[in-house]
Amino acid sequence: MELEIIRSNRKSIGAEIKQGKLLIRAPIQATNEDINNFMLKNKKWIETHLAEAQAREKAKESYHKLTAEEVRALANKALEVIPARVKYYAPLIGVTYGRITIRNQKSKWGSCSSKGNLTFNCLLMLTPPEVIDSVVVHELCHRKEMNHSDKFYAEVLRVFPDYWKWDKWLKDNGDILMAMMSNPEPKDPNKVQVIKQNGWVFYITKEARTLDEHKCGKWMYFFGDKAFAAKVCREAVETRVVAESKHTDGPDGVCCFYLNGDDMEAHKRTIQFFLDNDLIQKTKTGRLYNISFKYDDQTRAGEYGDAFRGKITLDQFLDLNTRAWKV
Ligand SMILES: [Zn+2]
């Protein structure tokens, strides 16, 4: 048995299991006999907890590492499941909330910002539904109390009386689940954030900051297959065709691919992406529809009206019959 003894300025001997090893904390003046007696007296506790911890450590090593594809599937599932639970519990707690973001990370199960934006770990999809609810309730209760005070937990328990049971489940099993996430959160600046809000699903990278609110606009694709819409929206930002995309959060709707209207390279990348993925409707003779790029300002009746800029249409870039580039 691996054993570590740490003596410090404390009054009694205590034991804990850390990374599969037994750790004894003892007062400075405790003798070896004192420690032996303590261990004999607590033999059963030490043995069972040590065995459990070692099994967990072993499981962690051998645990299946999720592939990027699997993580993505979990994130998509989380986007279906978690916002619905948040929507269910928020009125019971009596709070509002902002954006809901799904993350894949190795450290946190959830968080709540001071503005009420919520994040949840996609690994929650591998836990029982009660665990998901316990984390949702925990984060929503932070809308009332931004701390872990008695008042905070009183509110949690009022809404979710079984909280401690499922919190313990997560403490006991959470490490193993986190160990399935192979990489720590990538530092890739182009990391894609998926945000569900107001009937839209957004795919956003840090580069989205370069989008100018008065120059920004979109090429659009109308879909009837949500899974395909999600795939192309994600792919477009992952492969840096555009810095931001979104699609309607429904069985059909529209995909929007955002870029600055004066960025010729971005237009060409996006149109090529549309061609590659067959996102442009064709007539019977195979001629491409003359789709157009819409400035956001045009769809907002703001200070820039429709007449502010000329329309950008596909035929300015491509021959609609031969698909030869004109620019
Ligand atoms: Zn908390």
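**Domains and helix packing in a predicted model**

The chain of this predicted model is divided into three parts: domain 1 spans residues 3-62, domain 2 spans 68-179, and domain 3 spans 201-316. Between domain 1 and domain 2, the C-alpha centres are separated by 32 Å.

The account now turns to helix α4 and its contacts with two other helices. Helix α3 comprises residues 68-93 and helix α4 residues 129-141; their axes come within 9 Å and cross at roughly 50°. On the side of α3, the contact is formed by V81, I82, R85, V86, Y89, A90 and I93, while α4 contributes I132, D133, V136, V137, L140 and C141. By class, 11 residues of this contact between α3 and α4 are nonpolar, two are charged and none is polar.

Helix α4 also packs against helix α5, which covers residues 150-159; here the angle is about 135° and the axes lie 9 Å apart. This angle makes α4 oblique to α5. The crossing of α4 with α5 is right-handed. Here α4 supplies V137, H138 and C141, and these meet F152, E155, V156 and V159 of α5. The contact of α4 with α5 comprises five nonpolar residues, one polar residue and one charged residue.

Terms used:
Residues are numbered from 1 along each chain as its sequence is written. This is a predicted model: local features need pLDDT of at least 70, side-chain atom pairs count only at pLDDT 80 or more; totals for chains, interfaces and linings use all residues. Axes are lines fitted to C-alpha atoms, for helices over the stretch in contact, and angles run from 0 to 180 degrees between N-to-C directions. Helices (H or I, at least four residues) and strands (E, at least two) are DSSP runs, numbered from the N terminus. Two residues are in contact if their C-beta atoms, placed from the backbone, lie within 7 Å. Ala, Val, Leu, Ile, Met, Phe, Trp, Tyr, Cys and Pro count as nonpolar, Asp, Glu, Lys and Arg as charged, and the others, Gly among them, as polar. Domain bounds come from an automatic or database domain assignment. Angles under 35 degrees count as roughly parallel, over 145 as roughly antiparallel, 65 to 115 as roughly perpendicular and the rest as oblique. A crossing is left-handed if the near helix is turned anticlockwise from the far one by less than a right angle, and right-handed if clockwise.
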